[in-house]
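Trainee: I am new to this one. Please take one part and look at it closely, then show me how it sits in the whole.

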Amino acid sequence: MSPSLANFTYPSAADYAALLPFLIVVVTPLAVLFVDLFLKGEGQGRRGIAVMLAVLGLVAASLVEVRQYPHDYAAFGGAFVQGGFSIVFSEVVIVATIATLLLTVGIGRTDQVAGTTALLLWSAGGAMLMAGAANLMMVFLGLELLSLALYALCAMSLRATARESALKYLILSSMASGFLLYGSALLFGVAGSVAFATLATATPTPLYVLGAGLFLVGIAFKLSLVPFHVWTPDVYEGAPLPVTAFMSIVTKAGTLAVFARFAYAALPPERAAAILVPVWAVAALSMLVGNLAALAQTDMKRLLAYSGIAQVGYIVTAFAGQTALGLRYAVLYLAGYTCMNLGAFAVVALMSRDGDAVVGLGRFAGLAYRRPWLAAAMTFFLIALAGLPPTIGFTGKILILAAATGAGFAWLAGVLILGTAISAYVYFKIVRAMFARVDPVHVRDERSPNALPWIVVAFGAAATFALGLVPLTPSDILPLVK
């Protein structure tokens with residue numbers, strides 16, 4: 001037997017058990033499509049069954065994840081690591097996908113619901129794969145599974161802007177994948193392996209630094225960090241609203257998990273700080289440009305897109321210095337951002353008859369007098385996004401400030417404070433519009449017949465408050481990443 005075959009280890013039952021939550025998420029769509037074949041008619045029952053099966057699959061995957069927490073296991077020869085770190089990110093993905101499914105009920109043609117649901121779950125599966133990826137090949141597989149489904153989902157609406165959105169996303173995302181793949185090839189050429197653990201021990205030659213830089217450019221594209229953000233507002237505006245909500249969370253969660261593993265576990269410690277300096281610079285630019293550009297927006301999806309650019313800048317700031325506390329606070333803030341952002345999207349969905357219409361700021365005029373509960377919920381989510389108490393937006397920013405300052409990045413903390421101050425005006429111009437007295441005759445007041453987004457609103461509000469009080473992640477998360 002050759003030495004290479006002698007060292008080969010076949011996957012065991014434990015390997016497949018580690019991957020079980022992912023397998024549940026990617027197999028459930030097959031059940032959804034199979035059941036849909038036998039359903040006739042255009043009624044709500046057909047929609048309900050597809051969504052119910054998908055939610056049941058996601059809940060089952062979530063329960064398996066909870067049972068596996070916090071035991072670490074490196075499956076398939078170390079290519080996929082299931083443990084506390086990947087489970088926290090996967091739970092964020094699952095929560096966001098369930099919320100998205102609740103927003104999709106009532107949108108689009110009935111005969112497309114099963115297909116849309118299947119694509120959402122496959123895309124979520126890609127993000128879960130990225131959360132546990134421990135080598136470059138697994139990162140690429142997860143990223144492509146996540147992205148390919150999203151290209152189709154962006155074009156599911158009948159609006160012409162949806163197809164334009166899908167085309168833009170396809171072209172620019174493919175370019176980002178090219179950067180990531182070329183960087184991976186250079187890293188493999190230097191280290192002779194695609195495993196993060198081996199990359200960390202490689203000699204940091206100029207070729208290695210170039211590969212790491214190209215890999216990080218691909219990550220920055222996926223995270224919509226400035227100056228790689230230009231696709232985000234157009235794609236978010238054109239895509240169906242639930243898909244926009246899904247992209248704003250799931251893509252970021254999967255990519256942030258990859259970035260965290262790469263920054264903490266794949267870069268040689270003696271060169272990591274120097275290689276990551278440009279990342280902290282683009283994080284600072286994202287906080288400023290995202291908030292300043294949001295000032296001029298009059299469409300809610302574009303405003304939330306620019307808001308998302310700034311928010312991911314806050315999260316990346318937490319990683320500055322690669323401290324254990326920064327990693328912990330980044331995960332906590334991501335969980336909080338998931339709740340407040342999904343809540344805001346759910347409010348927007350409740351303000352349109354088909355749950356997918358473009359909602360301009362003018363529609364919010366006088367909302368507090370027409371629909372006080374909806375206005376109160378939106379006000380709470382905007383307060384959270386602005387970073388005011390008593391929300392996770394406030395607690396999370398304070399913790400990130402502490403982590404960045406403690407790591408010696410006081411300048412980055414200062415930019416975060418400046419960005420937060422600018423964002424206050426962005427969010428409060430919506431609050432001001434909601435509490436302004438206007439003649440109802442001059443306001444278009446549509447209401448969604450789908451009441452399920454109220455569940456997302458209620459969950460988002462409760463979690464946005466509770467996460468500000470209770471730490472989400474274990475105190476010693478750094479070993480989980482490595």
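Mentor: Start with Asp36. Setting aside residues up to four places away in sequence, Asp36 touches Arg46 and Ala114. Contact here means heavy atoms within 4.5 Å. Asp36 lies in helix 3, which covers residues 20-37. Helices are DSSP runs of H or I with at least four residues, and strands are runs of E with at least two, both numbered from the N terminus. Asp36 counts as buried because its relative accessibility is 13%. Buried means under 20% relative accessible area, exposed means over 50%, and partly exposed lies in between, with a 1.4 Å probe and protein chains only.

A word on the source. This is a predicted model, where local features need pLDDT of at least 70, side-chain atom pairs count only at pLDDT 80 or more, and totals for chains, interfaces and linings use all residues. Residues are numbered from 1 along each chain as its sequence is written, and side-chain values use heavy atoms, with hydrogens and water left out.

Ser224 is in the loop between helix 10 (206-223) and helix 11 (231-238). Ser224 counts as buried, because its relative accessibility is 1%. Beyond its neighbours within four places in sequence, Ser224 is in contact with His229, Trp231, Thr232 and Ile309. With Thr232 there is also a side-chain polar contact of 2.9 Å. A polar contact is a pair of N or O atoms within 3.5 Å; within protein, one must be able to donate a hydrogen and the other to accept it, and residues adjacent in sequence count only if both atoms are side-chain atoms. Tyr306 is 82 residues from Ser224 in sequence, yet their C-alpha atoms are 9.3 Å apart in space.

Ser248 belongs to helix 12 (residues 241-266). Ser248 has 1% relative accessibility, so it counts as buried. Its side chain reaches the backbone oxygen of Ala245 at 2.7 Å. Neighbours within four places aside, Ser248 is in contact with Tyr236, Tyr337, Asn341 and Phe345.

Step back to the whole. The protein has 22 helices and 2 strands. Of its 482 residues, 59% count as buried. Among contacts with a separation of 6 or more, 80% come from residues 24 or more positions apart. The C-alpha atoms fill a box of roughly 80 × 60 × 40 Å along the principal axes.
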